[in-house]
Amino acid sequence: MIEKNSLARSFAGLARTAEKNKASIAISKEPLENPPLQIHTLGNQVLRRPARRISKVDESIRELVKDMLRSMYSAKGIGLAAPQVGIDKQLLVIDLDLENPTNPPLVLINPEIITTSASLETYEEGCLSIPEVYLDVLRPSSIKISFRDEMGRPKKMNVDGLMGRCIQHEIDHLNGVLFVDRVTNKTDLDIALKEHGFRSEDVHSLQKK
Ligand SMILES: [Zn+2]
């Protein structure tokens, strides 16, 4: 038979565990007039710097996550990587449902792609660092990733569709790669960049010459 006190203690323990497992990042998705972080654009060298791994997921990382989310929501983006705000940490945030205030964002810390599908698909991509430029990019249609969440818990996930696409795009940012580096149609690329005031010289094409 369980003693009353120990029962109370175990309930308290359960409540603490539930509290710890709850999504810790809950912030408003309303755009702010003065977002906390500035998003850098194509041509700025911070975007080309490979990001460093995060050794400890603590409160300061969660504060950074919140500021990144506030900046992403203010720019009406669905994904943002730390290098885009000039921070060389392997951290990215994603939210595919900006209209739904209760849909929790996805936070990926030190994400790694473990496997990629053989099948590829073309999808039109855009980027908060290259505003208004939208171009087709070919990538694996599904991937398996490992990462840590905002509480530092190790996780694995299979992703495809828009989520798979978005995660691959954001992981590229952590390696200093931008989606325009992967665009194969050079004519479309040059036209779109010029139209929006960007320079073709700032693209580091990954295509074989
Ligand atoms: Zn981007």
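Tutor: Before we start, a helix is a DSSP run of H or I with at least four residues and a strand is an E run of at least two, both numbered from the N terminus. With those terms, Lys76 sits in the loop between H2 and E1. Keep in mind that this is a predicted model.

Student: How do you know whether Glu132 is buried or exposed?

Tutor: Count again: it has 11 C-beta neighbours inside 10 Å, and the limit is 12, so Glu132 is exposed.

Student: And Ile78, why is that one called buried?

Tutor: Buried needs 20 or more C-beta neighbours. Ile78 has 20 inside 10 Å, so it counts as buried. Like Lys76, it belongs to the loop between H2 and E1.

Student: Which residues is Ile78 in contact with, neighbours within four places aside?

Tutor: Ile94, Asp95, Leu96, Leu98 and Cys166. The C-alpha atoms of Ile78 and Asp95 are separated by 5.0 Å, although the two are 17 residues apart along the chain.

Student: What makes H3 "largely enclosed"?

Tutor: 10 of its 14 residues are buried, so the rest of the structure largely encloses it. Among the buried ones are Gly164, Cys166, Ile171 and Leu174, but also Arg165, Gln168, His169 and Glu170.

Student: What makes E7 "hardly covered"?

Tutor: Of the 7 residues in strand E7 (residues 154-160), the count of buried ones is 0.

Student: Why are E6 and E7 called paired?

Tutor: Pairing takes at least two DSSP bridges. E6 and E7 have 7 bridges and run antiparallel, so they qualify. Ser142, for instance, stands opposite Asp160 in E7. Their hairpin has 5 residues between the strands, and Gly152 in it takes a positive phi near 85°.

Student: What makes a group of residues a nonpolar core, and how many residues has the largest one?

Tutor: Its members must be buried residues of types such as Ala, Leu or Met, joined through C-beta atoms within 7 Å. The largest set that meets this has 28 residues, and Met68, Ala82, Leu92, Val93 and Ile94 have the most contacts inside it. Helix H2 (59-74), strand E3 (106-116) and helix H3 (161-174) are among the elements supplying at least two residues each. H2 gives the largest share, 5 residues.

Student: Which contacts does Ala82 have, leaving aside neighbours within four places?

Tutor: Ala51, Met68, Ile87, Lys89, Leu91 and Leu92. There's also a second, separate core of 15 residues, including Leu47 and Phe179.

Terms used: Residues are numbered from 1 along each chain as its sequence is written. This is a predicted model: local features need pLDDT of at least 70, side-chain atom pairs count only at pLDDT 80 or more; totals for chains, interfaces and linings use all residues. Two residues are in contact if their C-beta atoms, placed from the backbone, lie within 7 Å.
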